[in-house]
Amino acid sequence: MTHWKTLSEQHDLAAERRISDLFDDPKRAQAFATQTGDMYFDYSKTNIDPQTRETLLALARDSDIESKREAMFSGVHINETEDRAVLHTALRNLDGGPVMVDGVDVMPAVLDTLAAMRTFATKVRSGTYTDVVNIGIGGSDLGPAMAVRALSPYQDGPRCHFVSNVDGADIADTLRVLDAKTTLVIVASKTFTTIETMTNARTARAWMLDHGGDPKVQFAALSTSEEKTAEFGINPAHVFGFEDWVGGRYSVWGPIGLSLMIAIGPKAFDAFLRGAQAMDTHFRAAELHENMPVLLALVGIWHNQICGNATRAVLPYDERLGLLPSYLQQLEMESNGKGVQRDGADSPRNTGPVVWGAAGTNGQHAFYQLIHQGTRVIPCEFLLAAQGHEAELAHHHQLLVSNCLAQSKALMLGRSLEEARKIAADKGFSGDDLERQARHRVFPGNRPSTTLLYPQLDPFTLGQIIALYEHRVFVEGVILDIISFDQWGVELGKELATSLQPVVEGTRDASNEDASTATLVDFIHRHRD
Ligand code: F6P
């Protein structure tokens, strides 16, 4: 019998069981948790029992996680459709040995680029720059934007702004308040061809020229293409290159992280890399049953592929992690949102889940209603620091912690009809009215969640968190037998946008378009000046 079949049977057997019943085992809270360094991952509030965990671990083992993990770390071309190695881990391999790609040790070049970034960042931080604008999209935006916000207590460099959308509103609103003479523009694009980024970069260059700045001095580029950055006219001394074995959504650790390094300084950036490196070491060495990324992935597989929960919510009780859900949306959905397996055959099961979320406590006053009482089960992933940075506002943090813990508890325990009746009776309801009112106050409970705890959101911890999720995506991809490192699904829309451009501009008629598109274009043409 395959592990998938066993898991599905175990799921059927667990149908009537409540998560809270699993706590009849007095050791459950400790037994269904793991720790690495100061980071603690609790998955006890899920309906995974010891037998199910064994099956999940067997599934991981039989999917060859261990050898595939080594293949990734050692530069094998595991991104098979693009014939590339996958080595974002080399960017944070600060104390590690050589990393070979096609017979060449890539570490000297990685460390040289890092040293050049440090020199440049130090110069920018100590110069006359007041602002930095990072122009990029997807992985060339979300990583640094998320991390700069997450680490704002460590920011002692110029202000950082992020422009990504091709919607002119984005760049217009950003540049309007800046001084072109004291602004550094960083064009972040792995390919240096992305239409949004190149359009915004040209607009920023024109703005700088019009407002007395000097793009030759005040532009930098982060890219794998030296040729294209030169064509754009970027001073080669301001170009920080990387290789095609760094995927866009995995690129914050190298040159794409330059704005972060400028914001928090090279030393704090090093701590960020070291946090990720610590997670790499743990992922590579820990036994599967205590391996945090593996366990996080197995919980994901259980909920998505076995229980059929199509989405998962990422709920950081950490305001500064407000962009983490968007960051993880790209990381997880671009990596594992695939319909075919490695050999091209259709996947026999659902692949990556829909990832969404927002910072707590805000979400509590918006969408938690559905999480608690809606008809769909949404596994929740809480993240929480033991302490905040605002020592003088410690009471805020205690409220934040209480709210986070209360949510996972409420999701698990719920509120029975009996309890709800008592509440309704206390409010003065009686008879049929009491029954009706009570039913609206029932919480089904038995809704799963995990909680990731850490002492404080510092650069090291943020590095750990991101690397944890990166490896989780890798493990899920291996178990699902899909290629997590390409992204062909973004291509069709890009191609069609290019071919639609003349139709939208009005230089080609819409007669070759489908009727819906032609009608939409017609409306747009009739309603613009
Ligand atoms: O469209 C998807 C994508 O290729 C992402 O994978 C990538 O992070 C983003 O576009 C930006 O690409 P680039 O860094 O080459 O501009």
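**Exercise 1. How many Å separate the centres of domain 2 and domain 3, taken over C-alpha atoms?**

Before you start, keep in mind that this model is predicted.

Step 1: Find the domains. The domain assignment lists domain 1 (3-62 + 286-411 + 447-486), domain 2 (88-271), domain 3 (414-444) and domain 4 (491-526).

Step 2: Take the centres of domain 2 and domain 3 over their C-alpha atoms; the separation is 57 Å.

**Exercise 2. Describe the surroundings of the ligand.**

Step 1: Locate the ligand. The largest pocket is where the ligand sits.

Step 2: Ask which elements give two or more residues to the shell around the ligand. They are α6 (139-150) and α14 (324-336).

Step 3: Look at the neighbours. The ligand is surrounded by 14 residues, and S140, S189, T191, T194 and E334 are the closest.

Step 4: Sort the shell by residue type.

**Exercise 3. Find polar contacts of the ligand, using a cut-off of 3.5 Å between N or O atoms.**

Step 1: A polar backbone atom of G139 is 2.8 Å from a ligand oxygen atom.

Step 2: Turn to side chains. An N or O atom in the side chain of S140 lies 2.6 Å from an oxygen atom of the ligand. For the side chain of Q330, the distance from an N or O atom to a ligand oxygen is 3.2 Å.

Step 3: The ligand exposes 400 Å² when taken alone, and the protein buries 88% of that.

**Exercise 4. Track down two backbone features.**

Step 1: Check G360 and T361. A cis peptide bond joins them, with omega about 10 degrees. T361 is in the loop between β11 (354-357) and α15 (368-373).

Step 2: Check N446. This non-glycine residue has a positive phi, near 60 degrees, and N446 lies in the loop between α18 (431-440) and β13 (449-454).

Notes. Residues numbered from 1 in each chain as written. Predicted model: local features only at pLDDT ≥ 70, side-chain atom pairs only at ≥ 80, totals over all residues. Heavy atoms only, no water. Near = heavy atom within 4 Å. Polar contact = N/O pair within 3.5 Å; in protein donor to acceptor, adjacent residues only side chain to side chain. Areas by Shrake-Rupley, 256 points an atom, 1.4 Å probe, with all protein chains shown as cover. 1 Å grid on protein atoms, 1.4 Å probe; cavity = no way out; pocket = protein on both sides within 12 Å on 5 of 7 lines; lining within 4 Å. Sits in = over half its atoms within 2 Å of the grid points. Helix = DSSP H or I, 4+ residues; strand = E, 2+ residues; numbered from the N terminus. Domains from an automatic or database assignment.
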